[in-house]
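Please look over the structure shown here before reading the report that goes with it.

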Amino acid sequence: MERRTIGAAALSVGAVGLGCMPMSWAYSTSRQRGEESVRAVHRALDLGVTLLDTADMYGPFTNELLVGRVLKERRQDAFVSTKVGLLVGEQHIVANGRPGYVRRACDASLRRLQTDVIDLYQLHRADPEVPVEETWGAMADLVRAGKVRSLGLCAVGARGGRRSGGRLHDTTIRQLERVQQVFPVSAVEAELSVWSPEALDALLPWCAARGVGFLAAMPLGNGFLTGTLTPGEGFEPDDMRARHPRFTAEMMAANQPIVAGLRRVAARHGGEVTPAQVALAWVLAQGGHVVPVPGTKRERWVAENAAAAQLRLTPEDLAAVGELPGAQGSWE
């Protein structure tokens with residue numbers, strides 16, 4: 001697989017990564033099977049999908065434990081990204097950016113992941129009660145201690161990003177400008193997909209201008225852009241899409257023209273190319289510093305996603321995707 005570099009440290013990863021969250025959290029519990037997920041991670045590494053993206057809050061903790069089972073055998077094959085800064089309670093999620101907590105959380109993640117170093121340690125969310133420079137300074141100390149190789153920042157969510165009345169990623173860019181004064185940012189993780197392209201406006205150019213890698217989260221639109229979801233079929237109660245405005249039967253039906261357009265582009269490249277691969281190839285085409293991180297828990301989808309790295313969209317293809325209608329429905 002093509003390799004891409006993340007940040008000034010030129011950390012090398014496969015052009016397509018693997019989001020491990022669906023294996024343990026946020027999607028249908030009944031379809032989460034540990035052994036199947038472990039096989040999926042092994043398959044990813046076999047195909048050159050080296051970047052494994054997890055977080056301590058996924059589960060919580062169980063996702064890192066699952067990834068750790070694979071790392072115990074194949075640490076040299078993987079690039080490990082995990083996150084810190086969010087705590088999961090019974091009915092809520094809260095930020096914790098206190099330096100002491102960051103140090104303890106890192107040690108706990110290292111134990112669960114069964115490794116002595118984390119390749120990319122990301123701040124999941126800044127704690128509003130702690131100056132982000134203090135949190136980032138504690139994370140920088142972990143690099144100096146040899147426990148972490150590089151640091152990344154996850155973008156503020158849509159609701160928080162728009163709270164000030166500015167553009168979607170204004171808050172994230174302000175945070176990035178502040179932490180860059182403390183220690184270099186190697187990567188930013190934010191949503192980027194055919195139906196959520198907002199990062200193209202300011203955040204992606206900010207990263208490109210500074211040699212910062214961009215990890216494209218949800219590049220398949222939480223599964224919608226694969227064309228495998230049926231409007232009105234519904235989701236299990238614990239699936240985050242069951243409460244998402246864009247995944248109501250009405251909005252899924254209204255957004256089918258986007259999937260249809262991806263199918264038309266796929267057909268130009270032969271019967272085996274899928275809408276999901278076109279969607280991933282579009283993300284890859286946004287810059288050499290961009291690494292899409294589609295989430296899945298099945299070997300079949302791992303292989304399909306990995307193959308997208310070999311798909312080269314023509315200028316006509318990119319123009320056709322660019323002309324697709326914008327997504328209908330709130331993303332809040």
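The report below takes up aromatic rings, a histidine and a pair of helices in turn.

## About the model

The model is predicted, so local features are described where pLDDT is at least 70, side-chain atom pairs count only at pLDDT 80 or more, and totals for chains, interfaces and linings use all residues. Residues are numbered from 1 along each chain as its sequence is written, and side-chain values use heavy atoms, with hydrogens and water left out.

## Aromatic rings

Rings of Phe, Tyr and Trp (its six-membered ring) are paired if their centres lie within 6.5 Å, and planes under 30 degrees apart count as stacked, over 60 as edge-to-face and the rest as tilted. By this rule there are 4 aromatic pairs. In one of them, Trp195 and Phe224 are stacked, with 4.6 Å from centre to centre and 0° between the planes. This pair links distant parts of the chain, since Trp195 is in the loop between strand S10 (187-191) and helix H7 (203-209), while Phe224 is in the loop between strand S11 (213-217) and helix H8 (249-254), 29 residues apart. Helices (H or I, at least four residues) and strands (E, at least two) are DSSP runs, numbered from the N terminus.

Phe224 also pairs with Phe247, edge-to-face, at 6.5 Å centre to centre and with 80° between the planes. Both residues lie in the loop between S11 and H8, so the pair ties together parts that are 23 residues apart in sequence. Phe224 counts as buried at 1% relative accessibility, and Phe247 is buried with a relative accessible area of 5%, where buried means under 20% relative accessible area, exposed over 50% and partly exposed in between (1.4 Å probe, protein chains only). Ring pairs link Trp195, Phe224, Phe235 and Phe247 into a cluster.

## A buried histidine

His169 is located in the loop between helix H5 (158-162) and helix H6 (170-180), and this residue is buried, with a relative accessible area of 8%. Leaving aside residues up to four places away in sequence, His169 is in contact (heavy atoms within 4.5 Å) with Ala155, Ala190, Glu198, Ala199 and Leu203.

## Two helices

Two packed helices are described by the angle between their axes and the distance between the axes. The axes of helix H1 (residues 34-46) and helix H2 (residues 62-74) come within 9 Å and cross at roughly 45°; axes are lines fitted to C-alpha atoms, for helices over the stretch in contact, and angles run from 0 to 180 degrees between N-to-C directions. H1 and H2 are therefore oblique to each other, given that angles under 35 degrees count as roughly parallel, over 145 as roughly antiparallel, 65 to 115 as roughly perpendicular and the rest as oblique. Residues making the contact include Val38 and Val41 of H1 and Leu66 and Val70 of H2.
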